[in-house]
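Subject: Structure handover

Hello,

Here is the structure I said I would pass on. My notes on it follow below.

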Amino acid sequence: MTLWLTLAVNSIALGGLLFLLSAGFSLIFGLMRIPNLMHGSFFMLGAYFGVTLLDNRIGMNFWAAALVSALAMAVIGGLVERFLLRRLNGQELPQVLLTLGLSFIIADVCLMIWTGDPWQPPTPDHLRGVLQVAGVYFPYFRLVIVLVAVVIAVALWLMVDWTRLGAMIRAGVDDAPIARVVGIKVSQLFTLVFALGAALAAFGGVIGAPYLSVYPGLDAEMLPLALIVVILGGTGSLLGALVGSFLIGFLYNFGQAMFPDLAYVILFLPMLLVLVLRPQGLFGRVMT
Amino acid sequence: MATKALTLHNVDAYYGDSHVLQKVSFELGEARMLGLLGRNGAGKSTCMNVSVGLLSPRGGSIELFGEPVTTLPPEMISARGVALVPQGRRIFKSLTVRENLIVAAQKPRDNKHAPWTTETVFSMFPRLSERKHQMAAHLSGGEQQMLAIGRALMGNPRVLLMDEPSEGLAPQIVAEVMATIRKLKESGLSIVLVEQSPKLVFDIADDIVILNSGRIAVTESAAKLRDGSTDLAQHLGVF
């Protein structure tokens, strides 16, 4: 019984992290149609920035480190979009090659700077401890990850669906030339979305670090998870990304615990089924 | 001399290798309406596209109230007060009616007229008001056309370009749209009205320009053309 609950709590916490990773991926892929294969790298590089800031030599506050890292990654993401991806507008294969190539470069640079050893910052003091409910222990930190993810999900949903800025982004996706003709600065908005996606991934990387730790190959591990989440949930749909993240969180943890040999089958099978039966994903709009 | 709102001067434009506008020049006077006529493929929409910056001309110049805008991108031309009601309406289908309007909102550039807001657009098109929270994709063709006009007005333009606003609409709706256009003209807006059918344009426009195969064929005041003494059939086909 306790095992199940522990697995469930871990699943929800992983789901929260996956949401931070895939929300940006979904916006970038769904709204801007850019298959950003360096999204896992944003997560890993952000996490490395975070652990460096958290390290004793700097000793920054946990949340400050997550924010600073997110900000740094927003700048990097913005530059990549503005100066590289912008030139490949609408060309999917070159975009795939560019982002994949950059992810290899980032992986090597990270290996050079942070070595091949894993970094695992301690759980911040104020988030240690457990919540005891009906004889079952829930680690605070994992609950906080979920809480943060839900708060960010609500904030993103409000921004995209209920603000003028969000409507302008959607207008730019609907019909970019006409959006420009009515005065919307589509190009700036897309840079903003890309930077936001990168920042969210980095933020997730930092707050996930005490739990997942940071190591070479983390990028390549996270990217497929983001892909599955977005395919399951539907590209461009924040609700889809949220539901998909928790679904994958559960499948990942329970699959590894119960059928370790089949863990990847359990992970990828739902994606396959969705692709065959409902290609737009659970909550995706049909692309026109 | 009357102020020129929009001037195209010897504009050359290409789609790939095809030379779609050849030395096209015309002038839209302030607070006047210019009817731009021509057959399918004569270059009418291309004139609109170069005027809003969607297509860069290879030669010639475009001026807005005497200032050059030839090489500006669409969003900057929009910021200077040019709005387009595009051919085929092209409303933002995944946005609600209200969102279609607010994304295009811009501050007025002068105090001459009461500014356009969602309220004033809705009072002009009550049917849009009833549907303001619906997705624009669910509107009828006529309602979409009203939304496209409303969206253009939200930019508080000084020059309004309308590319075949009657296209694909039932006659009764066409009459409604034309009545709206007449009102806009009376409010002092400078308008280019592109149409295939001269009937719609002759009695509402002040000046007429007829394009034929990418060249200017006729430039004349509407009053002179209305009497029917000029033979237009060769430029416009049967009508």
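A residue is called buried here if its relative accessible area is under 20%, exposed if over 50%, and partly exposed in between. Please keep in mind that this is a predicted model.

That cut-off applies directly to B:Pro157: its relative accessible area is 10%, so B:Pro157 is buried. This proline sits in the loop that joins helix 6 and strand 7 of chain B. Which residues does B:Pro157 touch, leaving aside its neighbours within four places in sequence? They are B:Gly81, B:Val82, B:Ala83, B:Arg109, B:Ala152 and B:Leu189. B:Pro108 is 49 residues away from B:Pro157 in sequence, yet the two C-alpha atoms are 7.4 Å apart in space.

B:Asn156 is in the loop between helix 6 (141-154) and strand 7 (159-163) of chain B. Its phi is positive, about 45°, although B:Asn156 is not a glycine. B:Asn156 has a relative accessible area of 8% and is therefore buried.

Chain B as a whole has ten helices and ten strands. Its radius of gyration is 17 Å, close to the 18 Å that the globule rule gives for 239 residues, so chain B is as compact as a globular protein of that length. The C-alpha trace of chain B spans about 45 × 40 × 35 Å along its principal axes. Of the 239 residues in chain B, 54% are buried. Taking the contacts in chain B with a separation of 6 or more, 68% are between residues 24 or more positions apart.

Now to chain A, which contains eleven helices and two strands. Read from the N terminus, the order of its elements is α-α-α-α-β-β-α-α-α-α-α-α-α. The radius of gyration of chain A is 19 Å, which agrees with the value near 19 Å that a compact globule of 288 residues would have. A box of roughly 60 × 50 × 35 Å, taken along the principal axes, is filled by the C-alpha atoms of chain A. Buried residues account for 52% of the 288 in chain A. Where contacts in chain A link residues at least 6 apart in sequence, 76% of them join residues at least 24 apart.

One helix pair in chain A is worth a look. The axes of helix 1 (residues 2-32) and helix 10 (residues 238-258) of chain A come within 7 Å and cross at roughly 140°. Helix 1 and helix 10 of chain A are therefore oblique to each other, and their crossing is right-handed. What classes of residue make up the contact of helix 1 with helix 10 of chain A? There are 19 nonpolar and nine polar residues, and no charged ones.

Two loop residues of chain A remain. A:Thr115 is in the loop between helix 4 (92-114) and strand 1 (130-133) of chain A. A:Thr115 is not a glycine, but its phi is positive, near 60°. With a relative accessibility of 37%, A:Thr115 counts as partly exposed.

A:Asp175 is in the loop between helix 6 (164-174) and helix 7 (176-181) of chain A. Is A:Asp175 buried or exposed? At 13% relative accessibility, it counts as buried. Leaving aside its neighbours within four places in sequence, A:Asp175 is in contact with B:Arg90 and B:Phe92.

Regards

Terms used. Residues numbered from 1 in each chain as written. Chains lettered and ligands numbered in written order. Predicted model: local features only at pLDDT ≥ 70, side-chain atom pairs only at ≥ 80, totals over all residues. Heavy atoms only, no water. Axes fitted to C-alpha atoms, helices over the stretch in contact; angles between N-to-C directions. Helix = DSSP H or I, 4+ residues; strand = E, 2+ residues; numbered from the N terminus. Parallel < 35°, antiparallel > 145°, perpendicular 65-115°, else oblique. Left-handed = near helix turned anticlockwise from the far one by under 90°. Nonpolar A, V, L, I, M, F, W, Y, C, P; charged D, E, K, R; others polar. Rg over C-alpha atoms; globule rule 2.2 N^0.38 Å. Buried < 20%, exposed > 50% of the residue type's maximum accessible area, 1.4 Å probe, protein only. Contact = heavy atoms within 4.5 Å.
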